[in-house]
Amino acid sequence: MRIDLHTHSNVSDGTETPAELITAAAAAGLDVVALTDHDQTSGWDQARVTAQELGIGFIPGMEITCQDSHGISVHLLSYLHDPSYQPLLDELAVSLNSRIVRARRIVERLAEDYPISWELVTEHCQPGATVGRPHIADALVTAGVVAHRNEAFANILSSRSRYYVSHPAINPAAAVRLVREAGGVPVFAHPKAALRGRVVPESTVHEMIEAGLGGVEVYHRDNSAEGKEQLLALASEHDLIVTGSSDYHGTGKLNRLGENLTEPAMLERILAQGTGTSALLQS
């Protein structure tokens, strides 16, 4: 069984509709796929219906933007949570607003040196979608500044760049607790992605584990080889679920559907823990 538990549609920063993404997943030979848009779940219904039509399994998910006490960005994947759980929705509303404010500030800084504007950025964002750095990257591609998103994130939009702007976000341990309260399964996304910026210290990871972290995304192209080994050791020590995923964004990134996969036994553990909503699985 080929299982990919980390993908994005144009509800956040992917380039395909939820239906198109699921269709692409089926064409790529996936048996199960999760939709994990940033801070939003509005693509679930469309994705679920398409998965039913195509006969593949669908796992409803989301990627929550967090920030630890050291100011380091953390992305937390949530699977099978109740999308109507109000305390979680309240935190997501704050996050979405801060992302917009942050994006505007980044664009203002970039506009001093590059032919980019807020209007150009919003042209790359679907109505109601989560505005973020990927859309700014797309605008930079359109303006001819970079060739693709990956190049933008490697320099101009990296956390080390002078154009970078941080933003307030929920503490990752608090996010883990909210996901659990909502009946979901929290998994730390690409924990060792050093090329994206600073990696969180062990203290942050252990705070998340104590709060109820369910797993770690080990097999991801942005985790270093050494980082993967460290994560496997951590998972063994704390009996965490181990996942592998593509982090697919359509044409927005080089990541390909199914380039990393999750073992069926690990998916079973997620299904056993998730009580917030039901998953459609078809063999």
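Leaving out residues up to four places away in sequence, Ile 64 touches Asp 39, Val 74, His 75, Leu 76, Ser 78, Leu 88, Leu 92, Ile 170 and Val 179. The structure described here is a predicted model.

Within the largest nonpolar core, which holds 29 residues, Ile 64 is one of those that touch the most other members, together with Leu 76, Phe 188, Leu 213 and Val 216. Both strands and helices supply this core: S3, strand S4 (73–79), helix H3 (86–110), helix H7 (172–181), helix H8 (202–211), strand S6 (215–219) and helix H9 (225–238) each give two or more residues. H7 makes the largest contribution, with five residues.

The chain has 10 helices and seven strands. Its radius of gyration is 18 Å, close to the 19 Å that the globule rule gives for 283 residues, so the chain is as compact as a globular protein of that length. Taken along the principal axes, the C-alpha atoms fill a box of roughly 50 × 45 × 40 Å. Of the 283 residues, 54% count as buried. The accessible surface comes to about 11,600 Å², and carbon and sulfur atoms account for 50% of it. Among contacts with a separation of 6 or more, 73% are between residues 24 or more positions apart.

The seven strands form an open sheet with mixed pairing, in the order S1-S2-S3-S4-S5-S6-S7. Strand S1 (3–4) and strand S7 (241–244) stand at the edges with a single partner strand each, so one side of each has no neighbour in the sheet.

S1 and S2 pair in the parallel sense over two bridges, and Ile 3 stands opposite Val 32 in S2. Side chains of S2 point in two directions: Val 32 and Ala 34 go one way, Val 33 and Leu 35 the other, and all are buried. On to the next pair, strand S2 (residues 32–35) runs parallel to strand S3 (residues 57–67), and four bridges join them. Val 33 has Phe 58 as its bridge partner in S3. Helix H2 (residues 44–54) lies across S2 and S3, and runs at about 155 degrees to S3.

From S3 to S4 the pairing is antiparallel, with seven bridges. Glu 63 has Leu 77 of S4 as its bridge partner. The hairpin of these two strands has five residues between the strands, and Gly 71 there takes a positive phi near 80 degrees. How is S4 placed relative to the rest of the structure, enclosed or open? Six of the seven residues of S4 are buried, so this strand is largely enclosed by the rest of the structure. S4 also pairs with strand S5 (residues 185–188), in the antiparallel sense and over four bridges; here Pro 186 of S5 is the bridge partner of Ser 78.

Is Thr 243 buried or exposed? With 0% relative accessibility, Thr 243 counts as buried, because the cut-off for a buried residue is under 20% relative accessible area. Apart from neighbours within four places in sequence, Thr 243 is in contact with Leu 5, Val 187, Val 216, Glu 217, Val 218, Tyr 219, Thr 262 and Ile 270. One of these, Val 216, was named above among the residues that touch the most other members of the largest nonpolar core.

Most residues other than glycine have a negative phi. His 190, which is not a glycine, has a positive phi of about 30 degrees. His 190 is placed in the loop between S5 and H8 and, at 8% relative accessibility, counts as buried. Asp 247 is another residue other than glycine with a positive phi, near 60 degrees. Asp 247 lies in the loop between S7 and helix H10 (264–273), and its 2% relative accessibility makes Asp 247 a buried residue too.

Terms used: Residues are numbered from 1 along each chain as its sequence is written. This is a predicted model: local features need pLDDT of at least 70, side-chain atom pairs count only at pLDDT 80 or more; totals for chains, interfaces and linings use all residues. Side-chain values use heavy atoms; hydrogens and water are left out. Two strands pair if DSSP finds at least two bridges between them. Contact means heavy atoms within 4.5 Å. Axes are lines fitted to C-alpha atoms, for helices over the stretch in contact, and angles run from 0 to 180 degrees between N-to-C directions. A nonpolar core is a set of buried Ala, Val, Leu, Ile, Met, Phe, Trp, Tyr and Cys residues joined through side-chain atoms within 4.5 Å. Buried means under 20% relative accessible area, exposed over 50%, partly exposed in between (1.4 Å probe, protein chains only). The radius of gyration is taken over C-alpha atoms; the globule rule is 2.2 Å times the number of residues to the power 0.38. Accessible areas come from the Shrake-Rupley method with a 1.4 Å probe; for residues, only the protein chains shown count as cover.
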